[in-house]
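Me: I'd like to go through the aromatic rings of this model with you and check each label against its definition. Shall we start with the overall fold?

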Amino acid sequence: MEETKKSLLDDSFTSAMTLTNSGVPQVPDRYVLPPAQRPALGSSIGTRDDTTLPVIDLSLLHQPLLRSRAIHEINMACKEFGFFQVINHGIPSSVVKDALDAATQFFDLPVEEKMLLVSSDVHQPVRYGTSINHSTDKVHYWRDFIKHYSHPLSKWIDMWPSNPPCYKDKVGKYAEATHLLHKQLLEAISESLGLEKNYLQEQTEEGSQVIAVNCYPACPEPEVTLGMPPHSDFGSLTILLQSSEGLQIMDANKNWVCVPYIEGALIVQLGDQVEVMSNGIYKSVIHRVTVNKHVNRLSFASLHSLPLHKKISPAPELLDGNNAAAYGEFSFNDFLNYISSNDDFLQERFIDTLKKSSS
């Protein structure tokens with residue numbers, strides 16, 4: 001049965017990296033988006049480059065006289081964008097560089113080696129794939145990825161790729177560092193909402209961390225396709241490391257804003273769990289990924305979530321007679337079930353299914 005499954009996957013599976021390496025002059029038809037969904041590269045229609053996106057110095061959180069300033073900056077960034085970049089975040093540049101090196105080596109492996117980890121099952125703790133789900137996607141996206149559960153590291157690391165030999169060590173160090181950083185960030189975000197800073201502490205310690213290592217190879221026609229479609233992340237926070245520009249976020253006016261590459265910075269994106277927990281005071285950020293003709297772009301998305309079956313709902317401290325709960329409760333497992341049973345899950349965001357009508 002496993003053999004049959006693998007051969008079916010092999011027949012339908014061509015990675016973006018394989019297409020780039022073969023020198024295709026155009027993207028295959030399955031990657032071509034309808035005109036209204038294309039990224040309008042080099043055009044000002046629907047995109048903005050003049051918006052200043054927030055960059056927060058996290059070293060301020062450790063200085064008693066300046067902590068309140070950083071908390072205020074986080075509050076403003078979460079309200080306006082659901083997004084900010086962080087500098088002085090405490091993760092050494094050597095750890096970041098090593099993780100990117102290991103990822104480069106993984107995606108450069110022979111196809112047969114990577115195919116040992118291929119799966120279209122979103123519940124698999126380790127899976128290699130292309131697009132979003134190559135077996136069900138109606139339109140394909142110019143992206144290859146390896147995703148793996150990463151917390152607690154000792155539980156999952158033996159299932160991670162054995163090749164390249166440095167992968168477990170280098171990516172493991174980065175995973176542990178981002179887990180610590182996300183705890184600090186959640187404390188600050190809770191505090192910025194007026195909640196106890198350890199409001200989510202217990203749940204995050206037992207929560208899940210999924211690392212998605214993405215490769216967006218150089219693309220012959222970047223104006224007709226995307227690396228990832230517009231979406232928000234399901235979890236509490238996503239900490240993103242990017243090797244070059246490519247990420248765009250949607251602002252309050254529904255314009256796409258290009259996120260600049262800042263050497264040494266990490267990107268923080270609020271997920272659906274924080275939108276629900278804050279009862280909509282903070283919004284999860286809608287984002288997409290563009291591709292380019294000239295360079296392979298790598299990113300590490302460290303997706304942090306409460307435990308699989310833990311339900312999250314609006315914080316009672318933020319509710320009163322004037323502010324009723326605007327969302328129903330949900331868990332990470334509910335989200336996985338939703339995307340498994342909805343081929344068109346990109347057409348309706350999961351969080352929109354949780355919103356209560358105000359009537």
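Me: How many helices and strands are there in the chain?

Reply: There are ten helices and 13 strands in the chain. Helices (H or I, at least four residues) and strands (E, at least two) are DSSP runs, numbered from the N terminus. Please keep in mind that this is a predicted model, where local features need pLDDT of at least 70, side-chain atom pairs count only at pLDDT 80 or more, and totals for chains, interfaces and linings use all residues. Residues are numbered from 1 along each chain as its sequence is written, and side-chain values use heavy atoms, with hydrogens and water left out.

Me: What makes two rings an aromatic pair, and how many aromatic pairs does the count come to?

Reply: Rings of Phe, Tyr and Trp (its six-membered ring) pair if their centres lie within 6.5 Å; planes under 30 degrees apart are stacked, over 60 edge-to-face, and the rest tilted. By this rule there are twelve aromatic pairs.

Me: Why is the pair of F106 and Y167 called tilted?

Reply: The ring centres of F106 and Y167 are 5.9 Å apart and the planes are at 50°, so the pair is tilted. F106 lies in helix α4 (residues 93-107) and Y167 in helix α7 (residues 167-192), so the pair ties together parts that are 61 residues apart in sequence.

Me: How do you know whether F106 and Y167 are buried or exposed?

Reply: Buried means under 20% relative accessible area, exposed over 50%, and partly exposed in between (1.4 Å probe, protein chains only). F106 has 1%, so F106 is buried, and Y167 with 0% is buried as well.

Me: Why is the pair of Y174 and F300 edge-to-face?

Reply: Here the centres of Y174 and F300 are 5.3 Å apart and the planes are at 70°, so this pair is edge-to-face. Y174 lies in helix α7 and F300 in strand β13 (residues 297-305), so the pair ties together parts that are 126 residues apart in sequence. Y174 counts as buried at 0% relative accessibility, and F300, also at 0%, is buried.

Me: Which residues do ring pairs link into a cluster?

Reply: The cluster holds F13, F106, F107, Y128, W160 and Y167.

Me: What makes K147 count as lying over the face of F145?

Reply: A charge sits over a ring if NZ of Lys or CZ of Arg is within 6 Å of the ring centre and within 35 degrees of the ring normal. K147 is at 5.6 Å from the ring centre of F145 and lies over its face.
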